[in-house]
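I opened the notebook to record a few look-ups.

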Amino acid sequence: MPEILIKNASVCDPVQGINCETMDICIRDGKIVDSVSGNAKVIDAEGKLTMAGGFDGHTHSAGKINVGRFINPNDARKNPVPGLSGQVARTEKTRAQVGYNTPNTYAIGYRYAKLGYTTICEAAIPLLAARHTHEEFKEIPILDKMGLSLFGSNWQVMEYIRDKEPEKLAAYIAWGLKASRGYGVKIVNPGGGEAWGWGKNVSGLYDPVPNFDVTPAEILMGLAEANERLQLPHSVHVHCNNLGKPGNYATTIETMKLFEKVKPSRDRQALHVTHVQFNAYAGTSWRDFETGAPMVADYVNGADHLTFDLGQVIFGPAVTMTADGPVEYANARMLHEKWSNQDIELEDASGVVPLFYSPKSFVNAVQWAIGLELALLVKDPWKVMFTTDSPNGGSFVNYPEAFTYLMSAKRRAEVISGFSKMALDRMVLPGIDRELDFYELAVMTRSTQSKIYSMPEKGNLKAGSDADIAIYDILPGQVDPSTEYAKVKKAFSSAAYTLKSGEVVVKDGEIEETPKGKTYWVNAKVPESVDTAMQKDIDRKFRKYYTVSKSNYMVEDMYIPKPVEISTEGVF
Amino acid sequence: MPVIKDAVCSLCGSLCDDITVTVEDNKITKIENACILGHSKFVGMFEHDRIETPMIRKDGELVPVSYEEAIEAAAKILVNSRRTLSYGWCSTSCEAISGAIQLAEETGSVIDSTANVCHGPSALAAQEKGSPSASLGEIKNRADVIVFWGCNPVHAHPRHMSRYSSFSKGFFTEKGRKGRTMVVIDVRKTDTAKIADKYVEIEQGSDLLLVTALRSIVNGHEDVVPETVAGVPRAEVLELAETLKNAKFVCIFFGMGVTQSRSKYKNGDAVSSLISDLNQHTKAVMIGMRGHYNVTGFGQVATWETGFPMAIDFARGYPYYNPGETGANDLLVREEPDAAIIAAADPGAHFPQKAVRHLARIPVIQIDPYANPTTEIADVVIPSAVVGIEAEGTAYRMDAISLRMKKLIDTKFKTDVEIVKDLTAKVRELKRGA
Amino acid sequence: MQVVKLSLKKANKIPIEADNINPDNFAGKTAEEIKEILIWYGNGQCPLGDFFTVEVEGKDSVENTKLVFEGDVSRVKRIGQNMTAGEIEINGNVDMHCGFGMKGGKIVINGDADSWLGCEMSGGEIILNGNASYYVGAGYRGESCGMRGGKITVNGNTKDYLGEHMCGGEIFVKGDAGLLPAISNNGGKIIIEGKATMPASEMKNGTVIIKGEVFDMLPSYKEEGTEELEGVTYRKFTGDVNAGGKGVLLIK
């Protein structure tokens, strides 16, 4: 592969502690290197802000999103973010694109790349339906991908925990990751997915799962133990119980506290809590609903064992999609919206419901504020991953809009000025002056992911890292993001350059090339004896309860055309 | 003598994957576990006449030609067309469907699946109300009340009841059939109705009335339900509602009786609403009894690639969707297409007369292993490998779970994937030359 | 006053998409300029002049511009799409989506109209002196709001799904409506002089008046006495009980 020399880049790379320093970046064979020859193609960054490619650590972009597309054909023509949404005819270089919250696969690849993002992590892969996720991955151009496999309401998992079989549990997790080609362990409303199989839910960490005699707390601890025993690159990734319920901040803190005793087996967090905005509610009902962010932030500030992501709300239409089946049914009934549900035998639940976040609704206004409060009240940006839980809080194409909220108190004040008194009384955001700078923004959108997912070659511009680079048309020394937030939004909406594995894929906001990205998955090794014992148990499950044969369950090689297999060694 | 286990049957939407296939001298000589329909596919294929070679119609007669000639002739038709209808694509793999969609996009064609005459209305229903569903194993392991509405699995999905529904035994359903109540709602007493615990006979075209009545009762408004609904006495309707409400887990399986009778998609739409209402009292889901083994797959692939599950019009370069305007029959009845490509389907046999007459007037490209009535009106015919037997690929079961179909025997025929790929390449070449 | 006369040179089967053909785009233009406007014909675009003869008299603003179609345009879709003012007169049958998204102005059709007449209309007036097809005054697939303002008069019959998802505006049908008129409505007013089958399913809000015979009333409406309107006494029903039921259905 050719060599590239990026000159005069104003580099912001928190992993290396570089804060808007002008420097050159050398690329060869898709990697960043120390130097290149005189034959290198030169890109003059002209002092523009340069970061590693963005890394969306939690997005619903392959699998369940297809239900969202299916039930919302009206999303196809929505175009609230011109250039990043709506129906776009095919071109010589690009396939046809549709959609806003639930774009087609090609649009997802192109639009993330235009934002300067180069890696995405699908938030939830159901094991039985994993092949579908990978089929969609194949049709998402440019981006590197990975996914988190669902284990939190899985029969075999719950039985092993109930029967105190931690070694077989770890073997099952390893097998499940291989079967689904997943990267990490996802837990959604632990135990609730099984309760939802009967139309019920679990009410908290110590509410036992009907018929399985385990509590959500035990599920969390059991899976955490297995996760660390297998030395997986990511910690368990948890969507807490009681999502969306006023008062749930207490469950969230309780969950976080539970993990204080978990010792990570790698240099990373013991727990990642996802879309905390939806789990940081105080009050006892929608009538006295108010922000719970200060309490959560307070705990997080004093803790050093966890990371979390925001789940920031964007006003306008959104589509909720989650394995939290009961939440979706409740949403649909309360909001009189369409309701899709797909429970997966022996494994988990899911639901999809479109909705609308309005600044005139005091609840939505407070939800919007909570995400920002979390980001700004938590002192250490390395604990914070930026997400909108796309498209639950809103589509990822709104990230640049959301960045302006984080970086500009003035912009926030503008939005807040449209809120009712009732909304203002329920939030603390108006009193927060803090504004993130480009460095902190980089931490939340690429650098911290490098550590959170144990991917040293991503999220930074060190020699040896992947040459995934975003150059934005903004001169950091000459722009004040606090007042010139419109410029910031424009720049981040349309990268001057996006490079993927050393290839220019976006130039001046237009797609140049559409290479295929890689898919990262984890192959955790377990001792044969443990594996064999575990296989006997799951053989029985397939024989008696599943409706597919075990031999047809595993995702086959041909669904992963560019695999990157990460091996780990379990400790038994 | 290879014996292949856990092969996937590629006939109906049940997509059974426990088939054992014995292959001798590149022929399937023995099949275990398949039903009569599956059997007819696996073993029957060796008894049917295949289309042996590519053909082009010259002076009214189909004449054998080389594959390259056929591809060129087909590509020319597509390149010269202003409005091609690409139809079928359901008895083939997801990979072939993906190629077909790309071809349609590049030629500005309309592409539609056999859902047009089948479960298309289910998509429309889901677009109104959503799709409250579950994987089939949830039914096997939990359901104690099973309703078959407007469908006849005894004949159309023979192993459905033993593998997934009425007769299946699961974790919470060890008693199997004995622990279940099976209800059939239909306009006549089908063979499935004959083995039901409760058979509710309704008047033709009155499904929406019965669903609405059930909703009213479930929602506490039984006072608005008249003495007779859909030809069913009020007492029986109340009893049916009670059965559903008092279930631990009810699944409504629905078929053409619901999707193709009067008020079509509104029936499925209303059933969706009924399911949502029932979930206030019990656990309830619905699943469509998809006919072809990969019509669900077409819906899935089309949705992730274009945003829409069927009836996709690429004329303006981006996907546009509007059943009633962009469906295969909509176009044919209005005599819009000036060319057609028909694959893995038989509109010649299944479409209305007016539509078939128009097909006969325009250049038609057919891709299929077997001759059928559509062959009579085709102008270019390209034989293909039988997917699921001679060609591997992905298919989606009626509950949207995917499986990989195996290649069981070798074949001289090109696969749909290859044919579409070659056709697309030729179209590009001709366009560049123009 | 600007009057633009258009006439199809030759009947087409492959549909022409005429979303560029409305007073907004034609006001102030000459015949030559109008002939150059691109329209979609199947999978490609062609100048309008390839298909239509164009005669222009006068030059005026949008409100004072009138388009007149002489002859059959039953394969010309989207005439008058998104128009905000002015007038269109069609002396022949017209294809789907006539007046789609109309915001103002007036369309008069002296012929039959295909489906989706006045879909997503928010203002203006459509008068159809002929029969309509499916989905008059309805919405786009998956949307919860269709027609939201304006008025459609059908001096003939309509087919099924009249006014689906209507949330504002008025539809008047002189003849019969087909199956499921006023379905999923959340506002607006529909008057049907003729017959209808299974009216007002899942109506949340709105008023539906049916003067002809009603077949297969849905078992989700509560009879609540009578209401008198213009000297005629109607049976009054409220519902749909399964949708929160604030709609009013008056039948004879």
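**Entry 1: the model.** I am working with a predicted model. I keep that in mind for every value below.

**Entry 2: chain A overall.** I began with the secondary structure. I find 17 helices and 24 strands in chain A. Next I looked up the extent along the principal axes. The C-alpha atoms occupy a box of roughly 65 × 60 × 45 Å. Does the radius of gyration agree or disagree with a compact globule? For 572 residues the rule gives a value near 25 Å, and chain A has 22 Å, so the two agree.

**Entry 3: burial and contacts in chain A.** I checked how much of the chain is covered. Of the 572 residues in chain A, 69% are buried. I then looked at sequence separation. Taking the contacts in chain A with a separation of 6 or more, I find that 77% are between residues 24 or more positions apart.

**Entry 4: surface and charge.** The accessible surface of chain A is about 17500 Å². Carbon and sulfur atoms hold 51% of that surface. I also looked up the charges. Chain A has 62 positive and 70 negative charges. Their mean positions lie 3 Å apart.

**Entry 5: chain A against chain B.** How many residues of chain A are in contact with chain B? I get 55 from chain A, in contact with 67 from chain B. Between them the two chains bury about 5100 Å². Carbon and sulfur atoms account for 51% of that buried area. On the chain A side, F70(A), W198(A) and W339(A) lose the most area to chain B. Together these three make up 14% of what that side buries.

**Entry 6: helix α12 of chain A.** I picked out α12(A), which runs over residues 399–407. Is this helix mostly covered or mostly open? It is mostly covered, with nine of its nine residues buried. Among the buried residues are E401(A) and T404(A), along with F403(A), L406(A) and M407(A).

**Entry 7: C46(C).** I moved to chain C. C46(C) sits in strand β4, residues 44–47. Is C46(C) buried or exposed? Its relative accessible area is 7%, under the 20% cut-off, so C46(C) counts as buried. I listed its contacts, leaving aside neighbours within four places in sequence. R82(B) is one of them, from chain B. Last, I looked up a pair. C46(C) and S133(C) are 87 residues apart in sequence. Their C-alpha atoms are 28 Å apart in space.

Methods:
Residues are numbered from 1 along each chain as its sequence is written. Chains are lettered from A and ligands numbered from 1 in the order in which they are written. This is a predicted model: local features need pLDDT of at least 70, side-chain atom pairs count only at pLDDT 80 or more; totals for chains, interfaces and linings use all residues. Side-chain values use heavy atoms; hydrogens and water are left out. Helices (H or I, at least four residues) and strands (E, at least two) are DSSP runs, numbered from the N terminus. The radius of gyration is taken over C-alpha atoms; the globule rule is 2.2 Å times the number of residues to the power 0.38. Buried means under 20% relative accessible area, exposed over 50%, partly exposed in between (1.4 Å probe, protein chains only). Contact means heavy atoms within 4.5 Å. Accessible areas come from the Shrake-Rupley method with a 1.4 Å probe; for residues, only the protein chains shown count as cover. Lys and Arg count as positive and Asp and Glu as negative; His and the chain ends are not counted. The place of a charge is taken as NZ of Lys, CZ of Arg, CG of Asp or CD of Glu. Buried area is the accessible area (1.4 Å probe) that two parts lose on being put together, summed over both.
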